[in-house]
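Hi there,

Here is the model I promised to pass on to you. Please have it open while you read, and my notes will follow below.

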Amino acid sequence: MASTMYGYARVSTQVQNEARQLAALREFGVAEENIIIEKQSGKDFNRPRYQYLIEKLHTGDVLVTQSIDRLGRNYDEILEQWRLITKERKAAIVVLDMPLLDTREDRDLTGILIADIVLQLLSYVAQKERESIRQRQTEGIAAAKARGVHCGRKRIHVPDGFVDIAAQWENRGLSATAAAAKLGMSRDTFLRRAREFCVNSEN
């Protein structure tokens with residue numbers, strides 16, 4: 001069976017423009033009918049067009065994308081997809097803006113090894129960056145609390161007896177108008193506070 005070269009272009013939203021990716025894929029030689037376009041977040045690989053493409057890949061086929069983040073943004077999952085494509089599907093991958101990430105058969109074993117090492121390095125850097133972001137967030141929250149700043153969802157201030165009366169209203173024991181009157185609140189304010197309280201209680 002003759003090998004086929006596929007292109008994969010992805011943008012995160014419907015309003016973003018994939019023209020630059022398409023131009024790069026066409027210039028590389030990917031046929032128009034073999035270019036798969038996806039408009040979905042790259043947070044994971046549960047994307048219908050991507051999954052459709054993976055099912056089409058056979059031994060010797062080539063998957064071309066402009067940059068590694070067009071495949072996805074989670075490098076742990078990218079490593080797994082890289083293994084799936086190159087080891088299980090026995091297809092090749094070409095990342096246009098990073099020539100070292102090219103596993104086509106005309107590359108020697110050293111080239112393939114370098115591609116794997118580069119991908120592992122990218123995964124490591126991405127993981128360290130995620131850890132650094134989490135650390136900065138933790139330190140920022142701790143510093144804010146030390147200054148007396150309340151982090152997270154705002155506390156809801158309600159009159160005494162609000163919880164019991166809101167529970168009666170929720171169980172249809174009181175109308176909203178009667179509940180509001182008991183609490184000295186307007187009906188609209190009572191309903192807004194009751195709904196906010198329920199949302200906060202569930203989280």
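What follows is a tour of the chain, from its overall layout to some individual residues.

Please keep in mind that this is a predicted model.

**The overall layout**

The chain has 203 residues, and 34% of them count as buried. Its secondary structure is made up of eight helices and four strands. Read from the N terminus, the order of elements is β-α-β-α-β-α-α-β-α-α-α-α. Among the contacts with a separation of 6 or more, 61% are between residues 24 or more positions apart. The chain exposes about 12700 Å², and 52% of that area is supplied by carbon and sulfur atoms.

**Salt bridges**

How many salt bridges does the structure hold? There are seven, and these are some of them.

One of them joins E18 and K39, with 3.8 Å from N to O. This pair links distant parts of the chain, 21 residues apart: E18 sits in the loop between β1 (5-11) and α1 (19-28), while K39 belongs to strand β2 (residues 35-39). Are the two partners buried or exposed? E18 is buried because its relative accessible area is 13%, under the 20% cut-off. K39, at 32% relative accessibility, counts as partly exposed.

R26 and E32 form another salt bridge, and their closest N and O atoms are 2.8 Å apart. Both residues are partly exposed: R26 has a relative accessibility of 39%, and E32 has a relative accessible area of 47%.

R83 pairs with E88 in a salt bridge whose closest N and O atoms are 2.8 Å apart. R83 counts as partly exposed at 33% relative accessibility, and E88 counts as partly exposed at 48%. These two residues also belong to a network of salt bridges that links E80, R83 and E88.

Next comes D61, which is found in the loop between α2 (48-56) and β3 (62-65). This residue is buried yet has no salt bridge. Leaving aside neighbours within four places in sequence, D61 is in contact with A2, S3, T4, Y6, K56, A91 and A92.

**A positive phi at K90**

K90 lies in the loop between α4 (75-88) and β4. Most residues other than glycine have a negative phi. K90 is not a glycine, yet its phi is positive, at about 55 degrees. With a relative accessible area of 48%, K90 is partly exposed.

L96 lies in the loop between β4 (92-95) and α5 (109-146). Where L25 is concerned, the C-alpha atoms of the two residues are 8.3 Å apart in space, although L96 and L25 are 71 residues apart in sequence. Neighbours within four places in sequence aside, L96 is in contact with A24, L25, F28, V64, T65 and Q66.

L183 has its place in helix α7 (residues 176-183). This leucine is buried, with a relative accessible area of 12%. L183 and D160 are 23 residues apart in sequence, and their C-alpha atoms are 8.0 Å apart. Again leaving aside neighbours within four places, the contacts of L183 are P159, D160, G161, F162, I165 and F190.

**A nonpolar patch**

Finally, which residues form a nonpolar patch on the surface? They are L121, Y124 and V125, which together have about 320 Å² of accessible area. Y124 lies in helix α5. At 51% relative accessibility, Y124 counts as exposed because it is over the 50% cut-off.

Best wishes

Methods: Residues numbered from 1 in each chain as written. Predicted model: local features only at pLDDT ≥ 70, side-chain atom pairs only at ≥ 80, totals over all residues. Heavy atoms only, no water. Helix = DSSP H or I, 4+ residues; strand = E, 2+ residues; numbered from the N terminus. Contact = heavy atoms within 4.5 Å. Patch = residues over 30% accessible without salt bridge, like charges linked within 9 Å, V, L, I, M, F, W, Y side chains within 5 Å. Areas by Shrake-Rupley, 256 points an atom, 1.4 Å probe, with all protein chains shown as cover. Salt bridge = Lys/Arg side-chain N within 4 Å of Asp/Glu carboxyl O. Buried < 20%, exposed > 50% of the residue type's maximum accessible area, 1.4 Å probe, protein only. Lys, Arg positive; Asp, Glu negative; His and termini not counted.
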